[in-house]
Protein chains: 2
Amino acid sequence: MAASKKIGTLAIVGVGLIGGSIGMAARRRKLAQQVIGIGRRESSLRIARRRGALTAATTDLEEGVAEADLSIVCTPVETIVERVRRIAAACPAAALITDVGSTKAEIVAALDRGLPRQVRFLGSHPMAGSEETGPQHAQEDLLVGRSVILTPTRRTRTADLDRLRWFWESLGAQVVQLSAREHDRRIATVSHLPHLVAAALAASARPSDLEYVASGWLDTTRIAAGDVDMWEQIFRTNSTHVLKSLSRFETLLNSVREAIAAGDYRRLRKILQEAKRKRDAAARPNS
Amino acid sequence: MAASKKIGTLAIVGVGLIGGSIGMAARRRKLAQQVIGIGRRESSLRIARRRGALTAATTDLEEGVAEADLSIVCTPVETIVERVRRIAAACPAAALITDVGSTKAEIVAALDRGLPRQVRFLGSHPMAGSEETGPQHAQEDLLVGRSVILTPTRRTRTADLDRLRWFWESLGAQVVQLSAREHDRRIATVSHLPHLVAAALAASARPSDLEYVASGWLDTTRIAAGDVDMWEQIFRTNSTHVLKSLSRFETLLNSVREAIAAGDYRRLRKILQEAKRKRDAAARPNS
């Protein structure tokens, strides 16, 4: 079954941390005969080639996808729709395109229909990343054991879903399916809200306190070191769900403040216990 | 110089993660001829002995400190004052006692004077820990490269300060001095506030979202898995400074919410940039 799905030409558009890691893993696992990297900067493409992520590279998008059976768009969220449309006009007829964007509803709504020549788009979100960026930080095993969320619609063909599922699973990931809207709602809570909270925590520190930080502060704020452009685009494209998650967090933080201010440590304890219970439960499958 | 400070008998009162790690390091570095572990549970003492943290162990506090030149109290914050008083009544005259409590003002105020027979107390706070507890998680190198804050008062003798500085530095730590009040103020921001925020974040997650958590959520909430009893006591004994830090955080989080709600992504960007700048600056010396 796996052999029948093997890809002739895989195009990776945007060869940074994620794109580079996908290329390295696809080549090592021999999922495609060709892996073409497409990027705007020659320097990134050179690094990605040197790291074994690509069999060929180009800065010309149309040229790069001309023979691509599967194209994966790994560029910033706000550029994905435009890139997919350009790919759809230049790739072989009936080819499949996916992306790795962290928000999905806007992208899927724009691309679910209207692509030419039977080209199809199906959204993916690999739940893997790092505060590091660039192909120099790519890792062949970045997706191993991670979740990839696929966001099919009513128009999605089963064959495309099977093919993408095979692709991500072949890279070592576990595939789950959600509607794009449900994806954005859940990811607001488990990924976008933590980023906002980590950023507010880091930004609220007095400079003179920073020399006393230890592992607690460093862990809690780690994701605040992430790429600002990328995160701004994520918040732009998922603002409604992010604000709802933020409200839930603020309500809880209010309870915490009121409990301490009132000296109601029984109430504080209950919140600390609930937090520990959920954290312990979430950590069990992965760490 | 180091040799002249070597300790005859070191008593460790409370042999958990921190106490066990101090014992392991002190023995490996031959800082004391005897390392006596004192605890309430035979089982913990047995584990600590097996791990090489102790030369002897007892559940009898008075017996354990009878010959201790230096006693280190590693019990929960709210028990420290009582333990130090009992040690002071039972240890040799003119001996030195310290602790490893995460809040200092209450403890130092209670113990800065009034100990019998020229016994002295000088507060310490090793900035090292883990969400794990118990001597089975002790590590010989837990303090290497970490900060230890000493909280001397006007009554502190220079010889005691030198001795404790030598002790912690011999375990690989960097020693800094702060008044107890200043300690509590700064640690509220860099340690206690992150714990509250991590706990509120973990507690606010919907159970159905937990299966989608990835490294970002797990890192940001890691410390929320910490010991609930220990943290409750920390918040009890540092509530004023914790509430002030929490206010600063809430102000920043308000700005974040307003920026997203208003679509003012230039303002959001500024906060994300400030957060990244501070996080990058704080990470540089240690990680």
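A residue counts as buried if 20 or more other C-beta atoms lie within 10 Å of its own. Keep that cut-off in mind for a stop further on. What you have open is a predicted model.

**Stop 1: two domains in chain A.** Where they meet, domain 1 contributes 15 residues and domain 2 contributes 19. On the domain 1 side, select helix 6 (105–111) and strand 8 (147–151) of chain A: each supplies at least two of the residues that touch domain 2. That side is made up of five nonpolar, six polar and four charged residues.

**Stop 2: A:T151.** Stay on strand 8 of chain A and pick A:T151, which is found there. Is A:T151 buried or exposed? A:T151 is buried, because 25 other C-beta atoms lie within 10 Å.

**Stop 3: where the chains meet.** Bring chain B into view. Here 70 residues of chain B are in contact with 70 residues of chain A. On the chain B side, select helix 8 (180–204), helix 9 (215–221), helix 10 (228–237), helix 11 (239–261) and helix 12 (265–286), which each give two or more residues. Which helix gives the most? Helix 8 of chain B does, with 16 residues. Coloured by class, this side of chain B shows 43 nonpolar, eleven polar and 16 charged residues.

Definitions and conventions: Residues numbered from 1 in each chain as written. Chains lettered and ligands numbered in written order. Predicted model: local features only at pLDDT ≥ 70, side-chain atom pairs only at ≥ 80, totals over all residues. Contact = placed C-beta atoms within 7 Å. Helix = DSSP H or I, 4+ residues; strand = E, 2+ residues; numbered from the N terminus. Nonpolar A, V, L, I, M, F, W, Y, C, P; charged D, E, K, R; others polar. Buried ≥ 20, exposed ≤ 12 C-beta atoms within 10 Å, placed from the backbone.
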